[in-house]
Amino acid sequence: MAAPMSNVDEIRDRVILGEFGVKNVHTTDYPGNYPGYDDTWDLEKFKKNFRIDIVHSDENMLEFDMIGIDAAIANAFRRILLAEVPTMAIEKAFIYNNTSIIQDEILAHRLGLVPIKADPRLFEYRNPEDQEGTEIDTIQLQLKVKCTRNPRAPKDSSDPKELYLNHMVYSGDIKWLPIGNQADVFADAKIGPVHGDILLAQLRPGQELDIVMHCVKGIGKDHAKFSPVATASYRLLPEITLLQTIEGEQAEILVTFDYLILIWGHEHV
Amino acid sequence: MDSQKDIQPVKQQPMIYICGECHTENEIKARDPIRCRECGYRIMYKKRTKRCILSPSRCVKNRSV
């Protein structure tokens with residue numbers, strides 16, 4: 001399995017993991033840099049060498065391999081995902097009543113960070129001068145919860161779950177109020193928070209929340225609440241070369257070690 | 001426009017105050033003695049305003065000393 005690479009190929013294609021750092025990271029295969037190699041960029045050559053393999057894809061995570069592309073491009077994708085992919089998020093909270101112990105601005109801040117399930121491609125950015133918001137650039141949401149004492153609580157209970165009704169305010173209590181023609185356009189799109197179990201505030205009997213919120217389209221560069229990813233990261237695909245045949249018990253240990261990295265060539269520790 | 005409202009201005013809504021100790025709502029009229037109906041506590045708090053307050057869903061800007 002160990003095929004020795006010529007030194008030049010190794011410098012061109014590989015990043016080397018040393019004891020205290022990573023070496024040979026910068027791109028060097030510019031046209032003219034290596035005599036004897038034709039490094040001019042060619043679309044056909046790029047298409048032939050480039051491949052994307054999706055490793056894992058579910059509702060919350062996407063992992064894929066990009067093969068045949070420079071690390072700088074992968075990094076560019078990562079930066080764009082974090083900062084420039086638009087989403088919808090709560091921007092203004094009109095607080096009609098808040099008698100909870102969570103202050104208005106803290107509550108508004110928490111609401112802003114709640115992820116909203118709405119396709120930002122179907123909305124436009126709001127004009128900076130516009131204070132009201134139109135149906136094409138705003139989603140209106142409402143949070144209206146009142147905590148009361150539970151009349152059917154057992155006599156000597158001390159568990160808040162039994163004593164009070166509505167004493168925990170979750171993001172699932174946020175309801176969508178369609179404006180204008182949104183009720184028809186988004187009839188089956190169920191606009192609302194992505195997760196219903198984010199705890200926003202706790203209440204006690206007599207306290208209530210009555211808030212109307214406006215969601216607008218924005219990007220992560222403006223405020224982190226607009227970033228669509230929890231995070232985006234990339235790493236270089238590790239190359240693991242076995243220097244000798246491994247058998248028996250050692251082979252069993254090797255199989256269970258996910259991240260064992262044998263350092264090729266002259267960089268042994 | 002005024003004739004549509006009552007002859008008395010709408011300011012005759014009863015003022016409800018909240019007791020400082022037992023948090024019950026007491027209706028206190030003008031020149032009433034200030035006392036809670038239930039516990040007799042003499043410090044009352046006003047209810048939160050019904051006016052809408054607009055809060056930006058962003059961090060409040062840090063103001064350096």
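What follows is a short chat about a predicted model with chains A and B.

Student: What ipTM and pTM does the predictor give the complex?
Tutor: This is a predicted model, and the predictor gives the complex an ipTM of 0.74 and a pTM of 0.79.

Student: And what pLDDT does chain B average?
Tutor: Chain B averages 79, and 74% of its residues score at least 70.

Student: Which elements of chain B have the lowest and the highest mean pLDDT?
Tutor: Strand 2 of chain B, residues 25-27, has the lowest mean at 88. Strand 3 of chain B, residues 44-46, has the highest at 92.

Student: Switching to chain A. Which domains does the assignment give?
Tutor: Domain 1 is made of 5-83 + 231-258, and domain 2 covers 87-219.

Student: How far apart do the C-alpha centres of those two domains lie?
Tutor: The centres of domain 1 and domain 2 of chain A are 44 Å apart.

Student: What order do the strands have in the open sheet of five?
Tutor: The order is 11(A)-7(A)-14(A)-5(A)-4(B), and the pairing is antiparallel.

Student: How many bridges join strand 7 to strand 14 of chain A?
Tutor: Eight bridges join strand 7 (residues 139-146) to strand 14 (residues 208-218) of chain A. Within that pair, Ile139(A) stands opposite Cys215(A) of strand 14.

Student: Which strands does helix 4 of chain A lie across?
Tutor: Helix 4 of chain A, residues 104-112, lies across strands 5, 7, 11 and 14 of chain A together with strand 4 of chain B. Helix 4 runs at about 155 degrees to strand 5 (87-98) of chain A.

Student: Where is Lys190(A), and is it buried or exposed?
Tutor: Lys190(A) sits in the loop between helix 6 (182-185) and strand 12 (192-193) of chain A. Its relative accessibility is 64%, so Lys190(A) counts as exposed.

Student: What about Ser157(A), buried or exposed?
Tutor: Ser157(A) counts as buried because its relative accessibility is 16%, and buried means under 20%. Its place is the loop between strand 8 (148-149) and helix 5 (160-163) of chain A.

Student: What does the side chain of Ser157(A) reach?
Tutor: The backbone nitrogen of Asp159(A), at 3.3 Å. Leaving out residues up to four places away in sequence, Ser157(A) touches Glu162(A) and Leu163(A).

Student: And Pro151(A), where is that, and is it buried or exposed?
Tutor: Pro151(A) lies in the loop between strand 8 and helix 5 of chain A. Pro151(A) is exposed, with a relative accessible area of 71%.

Student: What separates the C-alpha atoms of Pro151(A) and Gly21(A)?
Tutor: A distance of 65 Å, for two residues 130 residues apart along the chain.

Technical notes:
Residues numbered from 1 in each chain as written. Chains lettered and ligands numbered in written order. Predicted model: local features only at pLDDT ≥ 70, side-chain atom pairs only at ≥ 80, totals over all residues. Heavy atoms only, no water. pLDDT = per-residue confidence, 0-100. Helix = DSSP H or I, 4+ residues; strand = E, 2+ residues; numbered from the N terminus. Domains from an automatic or database assignment. Pairing = 2+ DSSP bridges. Contact = heavy atoms within 4.5 Å. Axes fitted to C-alpha atoms, helices over the stretch in contact; angles between N-to-C directions. Buried < 20%, exposed > 50% of the residue type's maximum accessible area, 1.4 Å probe, protein only. Polar contact = N/O pair within 3.5 Å; in protein donor to acceptor, adjacent residues only side chain to side chain.
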